[in-house]
Structures are given as structure tokens and as C-alpha cells.
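Have a look at the sequence and the 3D view first, and then read on.

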Amino acid sequence: MTARLFWSERGQIGCARPGHMPFPGTDTFVWERWEPLDEETARKNRLRCESCAADELRKTGGPR
Ligand SMILES: [Zn+2]
């Protein structure tokens with residue numbers, strides 16, 4: 001399964017799931033310069049959606 005990743009000029013990483021990144025075309029999306037992140041770069045740098053990672057931590061209890 002490959003989730004489409006995006007990143008912003010500020011180094012934030014998000015995916016296309018609702019709430020994980022600004023909606024394309026919105027002011028935030030444009031101002032923060034969100035762009036698609038190619039899969040190879042993501043894999044090489046072990047990048048992943050920050051919101052998804054946070055969700056997983058919440059589900060598993062994560063580090064306290
Ligand atoms: Zn996500």
C-alpha cells in the first residue's frame with residue numbers, strides 16, 4: 001500500500017487523508033507551498049505522514 005505523500009516548504013509531511021494536510025487550493029496549501037513528495041525520496045529518507053505516525057502512536061499507546 002502506498003499513500004500519496006506531500007510536503008511543505010516548512011518541512012511538514014502529510015498525506016491525502018482528510019485533516020493530514022491542507023486541502024489543495026486553500027490559502028494554507030498555497031502559502032506553505034505544499035507539493036507532492038515522490039515515492040523514492042520518501043523511501044530513501046524514511047519519510048512518512050506525521051499525522052498518520054501520530055495516530056499510530058495514539059492507538060498503540062506509544063511512548064509516554
Ligand atoms: Zn496521513
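Helix H3 is hardly covered: among its 11 residues, the count of buried ones is 0. Here a residue is called buried if 20 or more other C-beta atoms lie within 10 Å of its own, exposed if 12 or fewer do, and partly exposed in between, with the C-beta atoms placed from the backbone. Helices (H or I, at least four residues) and strands (E, at least two) are DSSP runs, numbered from the N terminus.

Before going further, keep in mind that this is a predicted model, in which local features need pLDDT of at least 70 and side-chain atom pairs count only at pLDDT 80 or more, while totals for chains, interfaces and linings use all residues. Residues are numbered from 1 along each chain as its sequence is written.

Back to H3 and two of its residues. Cys52 lies in this helix and is partly exposed, because 16 other C-beta atoms sit within 10 Å. What does Cys52 touch, not counting residues up to four places away in sequence? The answer is Cys15 and His20, where a contact means that the C-beta atoms of two residues, placed from the backbone, lie within 7 Å. Leu57 is also placed in helix H3, and Leu57 is exposed, since it has 11 other C-beta atoms within 10 Å. Just after H3 comes Gly61, with a positive phi of about 95°.

How far apart are residues along the chain and in space?

| Pair | Apart in sequence | C-alpha to C-alpha |
|---|---|---|
| Cys52 and Leu37 | 15 residues | 16 Å |
| Leu57 and Val30 | 27 residues | 29 Å |

Now for the whole protein. It has 3 helices and 3 strands, and from the N terminus on, the elements run β-β-α-β-α-α. Along its principal axes the C-alpha trace spans about 35 × 25 × 20 Å. Of the 64 residues, 11% count as buried. Take the contacts with a separation of 6 or more: 62% of them are between residues 24 or more positions apart.

Next, the sheet. The 3 strands form an open sheet in the order E2-E1-E3, with antiparallel pairing. Strand E2 (13-15) and strand E3 (35-37) are at the edges with a single partner strand each, so one side of each has no neighbour in the sheet. From one strand to the next the twist averages 45°, where axes are lines fitted to C-alpha atoms (for helices over the stretch in contact) and angles run from 0 to 180 degrees between N-to-C directions. Two strands count as paired if DSSP finds at least two bridges between them. Strand E1 (residues 5-7) is joined to E3 by 3 bridges, and Trp7 stands opposite Glu35 in E3.

Finally, check out two loop residues. Arg33 is found in the loop between helix H1 (27-31) and E3. Although Arg33 is not a glycine, its phi is positive, about 55°. Is Arg33 buried or exposed? With 10 other C-beta atoms within 10 Å, Arg33 is exposed.

Arg46 is in the loop between helix H2 (39-44) and helix H3 (50-60). Arg46 is not a glycine either, yet has a positive phi of about 50°. Arg46 is exposed, with 6 other C-beta atoms within 10 Å.
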